[in-house]
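Let's take a walk through this model together. Have the viewer open, and we will go from one spot to the next.

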Amino acid sequence: MARTEFTGREKVAVLLIALGPEKSAEIFKHLNEEEMEEITLQIANMRMVSPEEKRAVIEEFYQISLAQEYISEGGVNYAKDVLERALGEDEAMNILNKLTSSLHVKPFEFVRKADPSQLLNYIQSEHPQTIALILSYLNPVQAGEILASLPEDMQADVTKRVAVMDRTSPDVVKNIEAVLESKFSSMMSEEHTSTGGIEAVVDILNTIDRSTEKHIMDELDIRDFELGEEIKRRMFVFEDIVGLDNQSVQRIIREVDNSKWALAFKSASDAVKNAIYTNMSSRLVEMIKEDIEFMGPVRIKDIEEAQQEIVNTIRRLEDEQQIITPRGGDELIV
């Protein structure tokens with residue numbers, strides 16, 4: 001007989017064992033270091049797992065995944081109705097209880113598929129902090145459209161509030177969610193998670209038009225210069241060079257001292273190196289390769305500073321409209 005008393009961590013271990021090493025490796029990419037260590041230890045300590053036990057865990061995972069999808073589509077009530085029709089009332093409640101107690105339903109899930117213009121009508125009169133909280137829970141494209149549609153005098157204020165937001169009280173989330181929920185006449189469950197942060201701002205800004213982005217960043221430079229600089233540093237990273245067209249790369253090469261390329265390439269990917277080397281003369285390529293070979297050990301901090309200096313040059317050239325850096329799904333027509 002299959003075991004029924006697996007702990008949550010044991011179920012994860014059983015599921016990964018059943019999925020095999022390749023699929024498990026893909027899942028591990030989405031875990032933090034502590035989670036990977038805990039699950040790896042659990043897998044290492046698992047005894048032999050029978051086929052029946054594997055099937056039971058996989059089936060539970062499958063049912064919970066379906067429930068999560070149903071909730072995303074139409075809320076908890078919709079998920080409950082569908083699951084009851086398929087599995088019966090008792091099993092449906094069992095799955096929903098496991099879902100809400102372990103996987104958690106993300107706040108504002110019921111508006112994540114709403115039309116941004118419709119959602120804007122409901123929130124644009126709210127306090128900037130409330131708008132920032134809601135945008136933090138939306139997908140970047142949706143949040144970007146709403147941010148770009150806000151009055152210009154609000155855009156930078158809301159952007160800053162998203163960037164500096166860390167954690168929000170569950171009661172505050174619950175109250176704001178309830179008001180918005182009543183307007184949409186939907187049902188959903190509550191949960192408190194980390195929201196906002198600079199990465200959220202970068203994701204949002206990467207989806208909006210450049211004029212709106214420039215206005216927001218100019219305002220942030222005035223209101224909070226350090227925050228604005230931190231966001232700029234994350235808007236375009238060194239590895240993004242691979243997405244530049246050859247003409248832009250050649251323009252960048254002319255602006256950057258050759259010694260900076262050698263230092264920056266010490267930890268760069270082959271894709272980045274090739275993007276630059278392809279646009280250099282063979283003589284210059286050989287010079288840089290020789291510099292790298294004879295450079296010896298280099299501090300990571302020095303490499304990162306060289307890469308950031310190049311990124312700053314790229315951003316300056318973009319501001320001067322001498323190059324274009326495609327972001328957020330942009331397509332270049334040449």
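This is a predicted model: local features need pLDDT of at least 70, side-chain atom pairs count only at pLDDT 80 or more; totals for chains, interfaces and linings use all residues.

**A short tour**

Residues are numbered from 1 along each chain as its sequence is written, and side-chain values use heavy atoms, with hydrogens and water left out.

S24 has a relative accessible area of 8%, so it counts as buried (under 20%; exposed is over 50% and partly exposed in between, with a 1.4 Å probe and protein chains only). Leaving aside neighbours within four places in sequence, S24 is in contact (heavy atoms within 4.5 Å) with L16 and L19. From S24 to A13 the C-alpha distance is 9.7 Å, and the two are 11 residues apart in sequence.

Next, find helix α8 (residues 128-137) and helix α10 (residues 152-164), which pack at an angle of about 60° with their axes 8 Å apart. The axes are lines fitted to C-alpha atoms, for helices over the stretch in contact, and angles run from 0 to 180 degrees between N-to-C directions. This angle makes α8 oblique to α10, since angles under 35 degrees count as roughly parallel, over 145 as roughly antiparallel, 65 to 115 as roughly perpendicular and the rest as oblique. On the α8 side the contact is made by P128, Q129, I131, A132, L135 and S136, and on the α10 side by M154, D157, V158, R161 and V162.

Now for the aromatic rings. A ring pair is described by the distance of the centres and the angle of the planes. Rings of Phe, Tyr and Trp (its six-membered ring) pair if their centres lie within 6.5 Å; planes under 30 degrees apart count as stacked, over 60 as edge-to-face and the rest as tilted. The count comes to 2 aromatic pairs. W261 and F265 form a tilted pair, 5.7 Å centre to centre with 40° between the planes. F265 and Y277 form an edge-to-face pair, at 5.4 Å and 80°.

Terms used:
Helices (H or I, at least four residues) and strands (E, at least two) are DSSP runs, numbered from the N terminus.
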